Amino acid sequence: MLIRFLRLFLGRQTLVALYNLLQSFRKKFRSLLPSMAIPEADQEQDQKVSEPVFDPSIPSIPISYPIKTLEELHSGAYFDSFHYPFNKSSVPLQFPSPPFPLPNRPRLLVCHDMQGGYVDDKWVQGGSNPDAYSIWHWYLMDVFVYFSHSLVTLPPPCWTNAAHRHGVKVLGTFITEWDEGRAISSKLLETEDSARLYAERLAELAAALGFDGWLINMEVKLDVMLIPNMKEFVDHLTRTMHSLVPGSLVIWYDSVTIDGDLDWQDKLTEKNKPFFDISDGIFINYTWKKDYPKLSAEVAGDRKFDVYMGIDVFGRNTYGGGQWTTNVALDVIKNDNVSAAIFAPGWVYETKQPPDFRTAQDRWWDLVENSWGAVQNYPRTLPFYSSFDQGVGYHISVDGQQVTDASWNNISCQGFQALLKYVDDPKPGAIQVLVDFKQPSYNGGGNITFRGTLQDNAYFETRVFIGELLLGGEPLQVIYSVKSEGDSLLGLSLHFFSPMNDKKTVIVIAPWETDELSRKFNKAIVPGRVTDSEIEPGWVQYESKVAMNGQILREIRAVCHKTKGTRSEYLAVLGQILMNNSDHNSCLPPSTSWEVTAELVQWTASSSAAADSEGSRAVSLKINWKLKDGNTAFAHSKYNVYVAKLGSSSVQYLGVAAVEAFYVSNLVVPSGVSSLKFIVQVCSIDGSSQKLDESPYFELDVEY
């Protein structure tokens, strides 16, 4: 517990020295008082003695967890875990096109190090904390590393799904540290064969779980005789990863040197370059000096963008001080034309920066954007859909209907995130733009809310997405959904660029007509209004078609407008945006195409306070589904799972699955219910979802 606390304030070199000193004192005390039990320095003292040992083979609510021993890694026991199938990511890397090369420019790597890892994000099917830590600024990064201090850190699939959707690669972490890590490293590197074996085990895990490689952090002193095997480990891991996962990365951390010393170089030197030469990049320790990025670039030569200069957001001896001056280091790195690695952006969350996490997070990432600029653009391909869901909220809606009012978190549910421009000090009376979780949502738990004041016939315009979408001969179909108050109106402006003549064209899609509209934009389109009786009252869906063959859609903006009225208050909620080919019709496989089964069914007497009568039961089971023809190419985004208790007219929302399985834990079944109907609602990547009475299902008789 002490070491974890000190990590917040001390640099790595100081921490290692302090740890070794404590270990020395501990050994001396043990020699003087052999009968005294001295606890390990980093042992969690507050862990309950009675807490049951986690057995991954026993069915339970699916979680993500690390591999903590070489024995477990060697045996492949993880693949026999009950939790393994749930931990596979379901979203392939979206872009660039295969083999998914990194761009030839300075890149931004973000290394998650938040409260030791596996907190709210460990719950694969989602948790109940709407204030859980998350990141939604994917457009500012190229690579995301999930980090913890366990031996093998496997990224929870929610992070991989969200990052891949936005074109960001995801790496796990292999780390050895302290005396225990030195012993593990010696065993791993005992022979050339053992080094190759463990490299293959790591590559197999990444390929099976769907993430893109590894950060290798050997933070121990090694016998120099083991260095050849260390090089074999890194080289074989890199080659095997490239073979199994196109575009994958193995990045070396600046720690142990080619001499076997634990000697952070803080730049690329002859002592760490041999590892750089056989991997895809190096993460430089964060205590570098101002001229070190330039010196590293000189050593790297043509591979200068594979050098990632570390920045510790906590500010522990990092250049520029981190925290609210992280941009100081970013500016130096960008100027010297190498890449950057931001470590522990969870500082904003862990230290409770005012006024609240979401505001502070937007403000902090705005510093990054102002220094580094956006590195990801979307839309890039069709269909393009976003409901602005950030993977947290206080309710969940499906097609305009709220299905639950429970608080929740699940980063896997993040859709494409809007590139809203953060305003540090908005002017009074101006239109405030934010992703909101309290206003009604169209799909999921988020939306973009526009609130403030706007004078009659005035316009307010703001960025929503920056794109790179080349249009073909078919017209572009644009659908968006709005809920507004009074005479508040909301439209979209589409900014096109012609690569043939460098001409820019702005088309506005707006549910109103004015002379000002025609003067302000190159073309104005009044969309058709789509009505759906099943959508909650107040939602209006607009649809239009735009023909811009050979043009590139560069930007999507929201346009706020008020017609002549008696009040200046403005409120409009943007629920979703869908762009697709005009002749596209969403084709969801019918319920008869699916096979739904159940296994591991366990009935118990219910002791839940939710039970409304004596004799009620509780059931746990795993539900599986698959297409009968074995087709795995169906592009789903998620599956909503419900239960209907026959004899009752209500349908209960249970949760969401990203894979073709869902675990139901201790579902209370009131007495008198004879059977349960579990419904799997299939949702496509274009935002469409099956009607419940057309969805696949499984019926289960209640056992009393």
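Me: Where does Pro 96 sit?
Reply: Pro 96 is in the loop between helix 3 (70-75) and strand 1 (108-112). Helices here are DSSP runs of H or I with at least four residues, strands are runs of E with at least two, and both are numbered from the N terminus. The model is a predicted one, where local features need pLDDT of at least 70, side-chain atom pairs count only at pLDDT 80 or more, and totals for chains, interfaces and linings use all residues. Residues are numbered from 1 along each chain as its sequence is written, and side-chain values use heavy atoms, leaving out hydrogens and water.

Me: Is the bond from Phe 95 to Pro 96 cis or trans?
Reply: That peptide bond, Phe 95 to Pro 96, is cis, with omega near 5°. Pro 98 and Pro 99 are also joined by a cis peptide bond, with omega about 5°. Pro 99 is in the loop between helix 3 and strand 1.

Me: New topic: what does UniProt place at residues 119-395?
Reply: An unreviewed UniProt entry puts "domain: Cytosolic endo-beta-N-acetylglucosaminidase TIM barrel" there. UniProt positions follow the numbering used here, feature names are shortened, and annotations may be inferred rather than shown by experiment. The span is 36% helix and 17% strand, and its end C-alpha atoms lie 21 Å apart.

Me: How do helix 6 and helix 7 cross?
Reply: The axes of helix 6 (192-209) and helix 7 (227-244) come within 8 Å and cross at roughly 30°. Axes are lines fitted to C-alpha atoms, for helices over the stretch in contact, with angles from 0 to 180 degrees between N-to-C directions.

Me: What does that make them, parallel or antiparallel?
Reply: Helix 6 and helix 7 are therefore roughly parallel (under 35 degrees counts as roughly parallel, over 145 as roughly antiparallel, 65 to 115 as roughly perpendicular, the rest as oblique).

Me: Which residues make the contact?
Reply: Among them are Tyr 198 and Leu 202 of helix 6, and Phe 233 and His 236 of helix 7. Contact means heavy atoms within 4.5 Å.

Me: How many bridges join strand 28 to strand 31?
Reply: Nine bridges join strand 28 (636-645) to strand 31 (675-684). Lys 645 stands opposite Leu 676 in strand 31.

Technical notes: Two strands pair if DSSP finds at least two bridges between them.
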